[in-house]
Amino acid sequence: MGNNNLNKAASHFEKTITYSPDYNNAYFNLGLYIYQKEDYAQSESLFLEYHRKVPNDPDGLQNLGETSIKLGKFAESENYFLKALDLDQNYAQAYLGMGGLFIEKNDQTKAISWINQFIGLKPKDPEGYLKLAMAYSNQPDKALSHLETALKLGLKNTERISRIAQLKALSATKEFKNLMEKYNPGRP
């Protein structure tokens with residue numbers, strides 16, 4: 001969806017909230033849009049309102065967890081992910097979220113454990129292998145191996161890889177550039 005269409009959708013969600021404040025999905029979807037715009041405080045407020053209205057939705061808790069990571073609220077983030085898992089122990093995204101949380105907290109062992117649980121539930125999801133590459137950033141060979149798996153599985157939005165803090169050093173290597181050229185010729 002183009003940026004113009006996203007802006008129109010956001011405008012519609014805002015109008016929906018004004019005219020029909022009980023339409024819960026408008027808070028959720030507007031929160032997603034605002035999150036993509038990197039306004040994490042506003043997206044948190046929308047996700048909190050959604051959670052207040054729909055407290056037993058793991059997706060809402062997941063988005064609160066991801067937003068809390070961006071805001072540096074690690075304890076809150078962990079609580080949201082764990083609540084999502086209390087609601088559904090097979091909710092894979094919460095395992096991936098916990099992995100991302102522990103990457104941010106520089107706890108490689110816990111990050112890898114959580115990400116591997118996600119991969120156990122979704123072995124063909126490239127995002128799990130991208131997160132493993134991030135978790136193994138201090139071991140370039142393992143990081144490249146996991147990144148290659150993610151690319152083989154069809155990782156989308158590959159231009160973001162070189163902007164990921166944990167992969168910055170790796171993205172400057174010849175091996176990384178060769179890997180990207182192999183799976184994404186002519187693209188970053």
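**Notes on the helix packing**

1. Helix 2 passes helix 4 in a left-handed crossing. On the helix 2 side, the contact is made by F28, L32 and Y35. Helix 4 contributes D59, G60, N63, E66, T67 and K70. Sorted by class, this contact has three nonpolar, three polar and three charged residues. Please keep in mind throughout that this is a predicted model.

2. Now for the geometry of that pair. Helix 2 covers residues 24-36 and helix 4 covers residues 58-70. Their axes come within 11 Å and cross at roughly 25 degrees. Angles under 35 degrees count as roughly parallel, and helix 2 and helix 4 are therefore roughly parallel to each other.

3. Helix 4 also packs with helix 6, which spans residues 92-104. Here the angle is about 10 degrees, and the axes lie 10 Å apart. Helix 4 and helix 6 are therefore roughly parallel to each other as well.

4. By class, the contact of helix 4 with helix 6 has three nonpolar, four polar and two charged residues.

5. Stepping back to the whole fold, the protein chain has 11 helices and zero strands. Read along the sequence, the pattern is α-α-α-α-α-α-α-α-α-α-α.

6. On burial, 42% of the 188 residues of the protein chain count as buried. On contacts, take those between residues at least 6 apart in sequence: 50% of them join residues at least 24 apart.

7. Is N184 buried or exposed? The cut-off for buried is under 20% relative accessible area; N184 has 11% relative accessibility, so it counts as buried. The side chain of N184 also has a partner, as a polar contact of 2.3 Å joins it to the side chain of T158.

8. To recap for your own browsing: begin with helix 4, which is roughly parallel to helix 2 and also roughly parallel to helix 6. Then move along to N184 and its polar contact with T158.

Definitions and conventions:
Residues numbered from 1 in each chain as written. Predicted model: local features only at pLDDT ≥ 70, side-chain atom pairs only at ≥ 80, totals over all residues. Heavy atoms only, no water. Axes fitted to C-alpha atoms, helices over the stretch in contact; angles between N-to-C directions. Helix = DSSP H or I, 4+ residues; strand = E, 2+ residues; numbered from the N terminus. Parallel < 35°, antiparallel > 145°, perpendicular 65-115°, else oblique. Left-handed = near helix turned anticlockwise from the far one by under 90°. Contact = heavy atoms within 4.5 Å. Nonpolar A, V, L, I, M, F, W, Y, C, P; charged D, E, K, R; others polar. Buried < 20%, exposed > 50% of the residue type's maximum accessible area, 1.4 Å probe, protein only. Polar contact = N/O pair within 3.5 Å; in protein donor to acceptor, adjacent residues only side chain to side chain.
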